[in-house]
Protein chains: 2
Amino acid sequence: MASSLFFTHSHCYSSSSTSSFVFRIHRQLGVTPTSLRFSSSYVASVAAMAMDSSAKVIDGKAVAKQIRDEITAEVSRMREATGVIPGLAVILVGDRKDSATYVRNKKKACESVGINSLEANLPEDSTEEEVLNYISGYNDDPSVHGILVQLPLPSHMNEQSILNAVRIEKDVDGFHPLNIGRLAMRGRDPLFVPCTPKGCIELLHRYNVSVKGKRAVVIGRSNIVGMPAALLLQREDATVSIVHSRTSNPEEITRQADIIISAVGKPNMVRGSWIKPGAVIIDVGINPVEDPNSSRGYKLVGDVCYEEAIKVASAVTPVPGGVGPMTIAMLLQNTLISAKRVHNFE
Amino acid sequence: MASSLFFTHSHCYSSSSTSSFVFRIHRQLGVTPTSLRFSSSYVASVAAMAMDSSAKVIDGKAVAKQIRDEITAEVSRMREATGVIPGLAVILVGDRKDSATYVRNKKKACESVGINSLEANLPEDSTEEEVLNYISGYNDDPSVHGILVQLPLPSHMNEQSILNAVRIEKDVDGFHPLNIGRLAMRGRDPLFVPCTPKGCIELLHRYNVSVKGKRAVVIGRSNIVGMPAALLLQREDATVSIVHSRTSNPEEITRQADIIISAVGKPNMVRGSWIKPGAVIIDVGINPVEDPNSSRGYKLVGDVCYEEAIKVASAVTPVPGGVGPMTIAMLLQNTLISAKRVHNFE
């Protein structure tokens, strides 16, 4: 029973992990609350897919593609009706290669759906004031509907005070405490829902997984995934438990869940024995593990031991190709929602 | 297994409840985060009490009294050192008898610890603007460190916009979404913690109940008790599940808990069979049930069937005399904390 939560299992793929970058990745990306639904025929087809015992894979890539198509159509409809084009500004400080890649991907994603993307590249040795000046400029710029500060920031900067400078109406990341508070409260609504957890719930919706009254276990309690994911599940009337590094019997509790969302960044931690037969699993982890067969020397695996999970669960997200593509789709969606809100366009 | 959560049990005291006023009561009162600890000898004595099999009762009245004594000493120390007296302003609109009683009790409680109490009594037919004017006045008044709007407000007023007008630095109720968001987030701290849930946790602390790594079940998910109580337990590294009206097997989940906090307002809902032997129970419910033997025609009982609980649990709060007295003590504590913060007094 009392196993340690953060033990890295060495079976089920190799798992001598290099440092996990799951959370770094989340921070770069983005999702939104309501609107945007698939056609009923699409829902029926993915639901059928999910029920087919040979097709338990929740295809995040396909769903994200569908959402981006919907966004493309909405952006175009809005532009024709109002002349307004949604705009997303990304601020990148320093020259970390991974950060540059994330920013480039966001830029490309924006372009692909017709959202304007603005970018500020500041040198590593910029002052906090210089970054704040850019934020202030974007705050006041009516063509910018979402502002994203690429993390991590150089260590000489105060991340919290920089993030707090982003106007809440443009906080498409949804990490402002005021948004999180509204997310937690009944009868209140956040302006934006954090992208990765919203992407998880969106996958459940698009695959017709019923949440109401279900037991849900969220593994991990980070500000950017675990905690908001738990709040979202609770808003949809699931009975939610949060399992974390101090939980003494994570396996036992997880095994009670009809829905598991795992976001801890530990390769293959959730084994088949943790899973109730028929559960639905959303695996947020994106963990690099050594792989001599790969030209890169590593491959990506989730928090969940996929090989084992696929035999027990009714549906599982793969890694890669599960939650990952959803996050950036949700960022685009948040930007669109922001623009619609400002211009009262429905 | 699948019992309905909100069935009112007719055994274990009579329970033909008149409408529960548990939440009304919470809203009137108040608790704070750190500071204020009992002397180690006191802690030892209550801990010993808790361990004595004949003394499983968590005496909220005694703990609240102790806290009020501590506040009295602190208020006096602050006044002597700085000349500042903490002040709490209460706004009462209309002439509901119960509200008037709550306000009078708060006034008395303030006086008993040396906190200044200010009161605005507005007629039932006041406009929202008139109420907002009072709030604005108290917001700007440096002698006021906490502002409380007595709920419920007359139905022609927008409760949310009135509550939102209270400056967050004076929101001693701790219900502002920004406070709740900070409460939910790791690495952030709320300015004020809502009084009733903070009172629950304070009882656990004062009785030396360890929370870290424990299974905790919160029954009820209200904005003012259940949800913030769950966030507080989570901040202290408990593994938390929230059980609510849509939970299909509340009994089964509750029975897993080392710590139960119940805040639903259903008389005697939690039976002995819901309780794991040795669990600690904090009962927030204050429910009136008919009692022909009482001159008032009713008596107060909790959400938990006390007679049964006392045989199974290691410690239980009684109703009345458990959480109730803590709430108002915590309101006084929040007011003191606010005054200390403004004046940089430690």
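**Entry 1**

I began with Asn208(B), which is found in the loop between helix 8 (195-206) and strand 4 (215-219) of chain B. Helices (H or I, at least four residues) and strands (E, at least two) are DSSP runs, numbered from the N terminus. The phi of Asn208(B) is near 55°, a positive value in a residue other than glycine. I noted the background too: most residues other than glycine have a negative phi, and most peptide bonds are trans.

Before going on, I wrote down that this is a predicted model, where local features need pLDDT of at least 70, side-chain atom pairs count only at pLDDT 80 or more, and totals for chains, interfaces and linings use all residues. Residues are numbered from 1 along each chain as its sequence is written, chains are lettered from A and ligands numbered from 1 in the order in which they are written, and side-chain values use heavy atoms, with hydrogens and water left out.

Next I looked up cis peptide bonds. One joins Leu151(B) and Pro152(B), with omega about -5°. Pro152(B) sits in the loop between strand 3 (146-149) and helix 6 of chain B. Another joins Val319(B) and Pro320(B), again with omega about -5°. I found Pro320(B) in the loop between strand 10 (315-316) and helix 12 (323-342) of chain B.

**Entry 1: two helices of chain B**

I then turned to helix 3 (residues 60-82) and helix 4 (residues 97-113) of chain B. Their axes come within 8 Å and cross at roughly 60°. Axes are lines fitted to C-alpha atoms, for helices over the stretch in contact, and angles run from 0 to 180 degrees between N-to-C directions.

Which residues make the contact (heavy atoms within 4.5 Å)? Helix 3 of chain B gives Arg68(B), Ile71(B), Thr72(B) and Val75(B), and helix 4 of chain B gives Ala109(B), Ser112(B) and Val113(B).

**Entry 2: chain B against chain A**

I looked up the interface next. The contact takes 33 residues from chain B and 33 residues from chain A. I counted four salt bridges between chain B and chain A. (A salt bridge is a side-chain nitrogen of Lys or Arg within 4 Å of a carboxyl oxygen of Asp or Glu.) Asp237(B) and Arg221(A) meet in a salt bridge through their side chains, at 2.8 Å, N to O.

Which elements of chain B give two or more residues to the side that touches chain A? They are helix 6 (159-164), helix 7 (177-184), helix 9 (226-235) and strand 5 (239-243). Helix 7 of chain B gives the largest share, six residues.

**Entry 3: a salt bridge within chain A**

Over all chains, the search finds 30 salt bridges. I picked Arg271(A) with Glu308(A), where the closest N and O atoms are 2.6 Å apart. Arg271(A) lies in the loop between strand 6 (259-262) and strand 7 (280-283) of chain A and Glu308(A) in helix 11 (residues 306-312) of chain A, so the pair ties together parts that are 37 residues apart in sequence.

Key:
Contact means heavy atoms within 4.5 Å.
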